[in-house]
Amino acid sequence: MSELPNCPKCNSPYTYEDGALLNCPECGHQWSGDQAGGSANQKVVRDANGNELADGDTVTVIKDLKIKGSSSVVKVGTKVKNIRLVDGDHDIDCKIPGIGAMGLKSEFVKK
């Protein structure tokens with residue numbers, strides 16, 4: 001049986017796996033298993049103004065964004081709550097009110 005790491009937020013030993021994520025039942029913190037080893041090689045994601053973004057932040061869209069394959073548009077000033085940072089071309093996974101789940105590039109949002 002492999003030993004799971006303690007929660008990096010509250011140091012709880014009661015962590016459990018949920019797919020690719022690790023969860024803490026005491027504080028509700030979620031993190032990927034590869035982050036448990038430390039943040040020495042962790043990529044820093046910054047918004048359009050240069051502010052560092054983190055999981056759970058609320059951001060605002062700074063430009064009208066056309067949604068590929070749809071006639072919908074994400075308008076300037078749309079607030080997006082509880083973002084999740086991911087690797088790849090689009091740095092942010094989120095749910096946009098009235099549209100649903102989508103990926104955003106960090107260069108089109110501000111904190």
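Helices (H or I, at least four residues) and strands (E, at least two) are DSSP runs, numbered from the N terminus. By that rule, the protein has zero helices and 11 strands. This is a predicted model, in which local features need pLDDT of at least 70 and side-chain atom pairs count only at pLDDT 80 or more, while totals for chains, interfaces and linings use all residues. Residues are numbered from 1 along each chain as its sequence is written, and side-chain values use heavy atoms, with hydrogens and water left out.

**View 1. The protein as a whole follows the pattern β-β-β-β-β-β-β-β-β-β-β along its sequence.** Here a residue is called buried under 20% relative accessible area, exposed over 50%, and partly exposed in between (1.4 Å probe, protein chains only). Buried residues make up 25% of the 111 residues. A contact means heavy atoms within 4.5 Å. Of the contacts between residues at least 6 apart in sequence, 35% join residues at least 24 apart.

**View 2. Three strands form an open sheet in the order 7-4-11, with antiparallel pairing.** Strand 7 (79–80) and strand 11 (109–110) stand at the edges with a single partner strand each, so one side of each is left without a neighbour in the sheet. Two strands count as paired if DSSP finds at least two bridges between them. Strand 4 (residues 59–61) and strand 11 run antiparallel and are joined by two bridges. For a place to start looking, find Thr60, whose bridge partner in strand 11 is Lys110. As background, strands of a sheet pair through backbone hydrogen bonds, either parallel or antiparallel.

**View 3. Strand 9 (residues 92–96) has side chains that alternate between two faces.** Follow the strand to its partners next. Strand 8 (residues 84–85) is joined to strand 9 by two bridges in the antiparallel sense, and Arg84 has Asp93 as its bridge partner there. Strand 9 also pairs with strand 10, again antiparallel, over five bridges. In that pairing, Cys94 has Met102 of strand 10 as its bridge partner.

**View 4. Two hairpins each hold a glycine with a positive phi.** In the hairpin of strand 8 and strand 9, six residues lie between the strands, and Gly88 takes a positive phi near 125 degrees. The hairpin of strand 9 and strand 10 has three residues between the strands, and here Gly98 takes a positive phi near 85 degrees.

**View 5. The second largest pocket holds about 250 Å³ of space.** A pocket is found on a 1 Å grid over the protein atoms alone: a cavity is a set of points where a 1.4 Å probe fits but cannot get out, while a pocket is an open set with protein on both sides within 12 Å along at least five of seven lines, and lining residues have an atom within 4 Å of a point. Grid points are joined across faces, edges and corners, and the volume is the space filled by probe spheres set on the points. The lining includes Leu65, Lys66, His90, Met102 and Phe108. Strand 5 (65–66) and strand 10 (100–104) are the elements that give two or more residues to this lining, and strand 10 supplies the largest share, three residues. By class, the lining has six nonpolar, two polar and three charged residues. In this scheme Ala, Val, Leu, Ile, Met, Phe, Trp, Tyr, Cys and Pro count as nonpolar, Asp, Glu, Lys and Arg as charged, and the others, Gly among them, as polar.

**View 6. Thr15 lies in the segment before strand 1 (16–18).** Thr15 counts as buried because its relative accessibility is 10%. The side chain of Thr15 reaches the backbone oxygen of Pro5 at 2.8 Å. Leaving aside residues up to four places away in sequence, Thr15 touches Leu4, Pro5, Asn6, Cys7, Asn23, Pro25 and Trp31. Asn11 also lies in the segment before strand 1, and has a positive phi of about 65 degrees although it is not a glycine.

**View 7. Asn82 is found in the loop between strand 7 and strand 8.** Its phi is near 55 degrees, a positive value in a residue other than glycine. At 58% relative accessibility, Asn82 counts as exposed. The C-alpha atoms of Asn82 and Gly56 are separated by 4.0 Å, with the two residues 26 apart along the chain. Not counting residues up to four places away in sequence, Asn82 touches Gly56, Asp57 and Thr58.

Terms used
A polar contact is a pair of N or O atoms within 3.5 Å; within protein, one must be able to donate a hydrogen and the other to accept it, and residues adjacent in sequence count only if both atoms are side-chain atoms.
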